[in-house]
Amino acid sequence: MDLNTVVTYLADQHLLVDQVGTFDEQHIAALEMDSRAVVPGTLFFCKGAQFKPEYLQSAVDKGAIAYVSEKPYDVPIPGLIVSAIRRVMPVVANHFYDRPWQAYPLIGITGTKGKTTTAYYVRQIFDAWAERQQLMRSGLISSATVYVGKEESEAQLTTPESLPLYQLLAEAAEAQLPYVTMEVSSQALKYHRTDGILYDTVAFLNISKDHISPVEHPTFEDYFSSKLKLFQQGKRAVINLDTDHAERVLTAAEQSPTVETVQTFALENQHADYYAKDIISTPAGERFTLVHNGTEIPFTLAMSGIFNVANALAAIAIADGYGIDIETMRSALANAHVPGRMESFVTADEKIVAMVDYAHNAASFEAMFAASTAIYPDRNVAVVFGSPGKKAYNRRHDLTAIAGEKADYVVLTSEDPGKEDPKAIAEEMMGYLKEVAPHTPADIVIDRGSAIQAAFSWAEQQPHPTVLWIAGKGDETEMKYADGMHPYFGDHNYVKQAIAAYDQDALSQD
């Protein structure tokens, strides 16, 4: 692609406002929005509320040949002045990488909760099938990890910005991956990160209030309508009939000009195409019977929680559309684990069960406590959690209210506070807790590792067995503060330490 071609594309899309300097047929070697990654021949995009002119100058110094921006800058390279930089980036990326999403079936999954687990389930089913066919592993772009043909890496966003996203899709095409599954966030849909992509299959898992804040979605309607945009980019739709506002979701899919087929799944609605009945929850996982096309097929899941049955049904419906046989699905799901989701750790005497999970919004908290009741009905319940800084403000009240009602002990701690004071966040949440559940024992322990230990110390003193939920971080090994990301030891590692110390102490007393 050359610079003149970009000018033509943007003019055709009515996104070009002005040109600064002279454009020619100079070849573009790379697209970039991070000045630190610029190489000679880069077309540089001036994007972001925190963008500074010195970033562009740095890009020029490193060999950028032109820039794209919503306003002109005084630099010695030509510039394209555009009306909306977020809309422009996917248009240019789609052409630069030659529509890479056409090279394989691409699956997009959205929902308030369950996206990561469902994406992993789909990927593990595809991989089990690929192994039998002697094909490569399938690709995954999730909030946990990313794999597009080379090394698996830790994710930074649920759905990357459009330039790195298209680059990942291009790498998957180059690697000739058989399938790619990706999570699609409401932010990605609202801010055009996925524009230009036509998914082979899109899945809508559920919807509930989350990400409501001035910097994300100002209202639930904005959040919901952003999610529904996914149906404008998919050929086959898979929908959870049990979700709130199911009729609106179905209508959005049926009225989409791109959706050709709609299929449904459910735990409660027996009219769904994929229905689960006879669900049994155990510490070892879930058992259920799939009802589909008049047949009943038993399944087991290696992960506990009835909500994971819904995630499994979504994965089954998706995979069934590609002709993958039921036995491959059964085998894959019986062994499927997802890092940081429903990871269970148990003391030697089984008095304390610690569950590490990524639960971080109201829907996932409700599901988390429901899992406690189903799997460990006679145990005390303690929970350690926090809320992120400068985002999803509704969580502070909602999560605390749910925990105050359902837990026997609450520890409020840090969870990616960013530019906010973690103590101030915790104190705000404690205020909500005292309003809704004044008699629930609770503490603020800002250091997250110490907070986990505090929950263990409380559990040790209880006469009855206890379930500890360590919620919100999953398997993440970084914590976001005002000056950026800091290494974090990890919830699972703190839990392992606490269990080892508990077991050692119990052994010494024998």
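**Reading a sheet, a helix and a loop residue**

Modeller: In this predicted model, strand β8 (residues 145-147) pairs with β9 in the antiparallel sense, over two bridges.

Biologist: What is the strand order of the open sheet, and what is its pairing?

Modeller: The order of the eleven strands is β9-β8-β7-β10-β6-β11-β12-β13-β14-β15-β16, and the pairing is mixed. At the edges stand β9 (153-154) and β16 (295-301); each has a single partner strand, so one side of each is left without a neighbour in the sheet.

Biologist: Which strands does helix α10 touch where it packs on the sheet?

Modeller: Helix α10 (residues 326-334) touches β15 (285-292) and β16, and its direction makes about 25° with that of β16.

Biologist: Now helix α2. Which of its residues are buried?

Modeller: Within α2 (residues 53-61), the buried residues are Leu56, Ala59 and Val60. Looking down the helix axis, they fall within an arc of 100°, so they line one face of α2. Their cover includes β3 (42-45) and β4 (66-69). Just after the helix, Gly63 has a positive phi of about 115°.

Biologist: Is Thr112 buried or exposed?

Modeller: Buried counts as under 20% relative accessible area. Thr112 has 3%, so Thr112 is buried. The residue sits in the loop between β6 (106-110) and α4 (115-133).

Biologist: What is Thr112 in contact with, leaving aside neighbours within four places in sequence?

Modeller: With those set aside, Thr112 contacts Asn206, Ile207, Ser208, Asp210, Tyr223, Lys227 and Asn361.

Note on methods: Residues are numbered from 1 along each chain as its sequence is written. This is a predicted model: local features need pLDDT of at least 70, side-chain atom pairs count only at pLDDT 80 or more; totals for chains, interfaces and linings use all residues. Side-chain values use heavy atoms; hydrogens and water are left out. Buried means under 20% relative accessible area, exposed over 50%, partly exposed in between (1.4 Å probe, protein chains only). Helices (H or I, at least four residues) and strands (E, at least two) are DSSP runs, numbered from the N terminus. The arc is that of the directions from the helix axis to the C-beta atoms. Contact means heavy atoms within 4.5 Å. Two strands pair if DSSP finds at least two bridges between them. Axes are lines fitted to C-alpha atoms, for helices over the stretch in contact, and angles run from 0 to 180 degrees between N-to-C directions.
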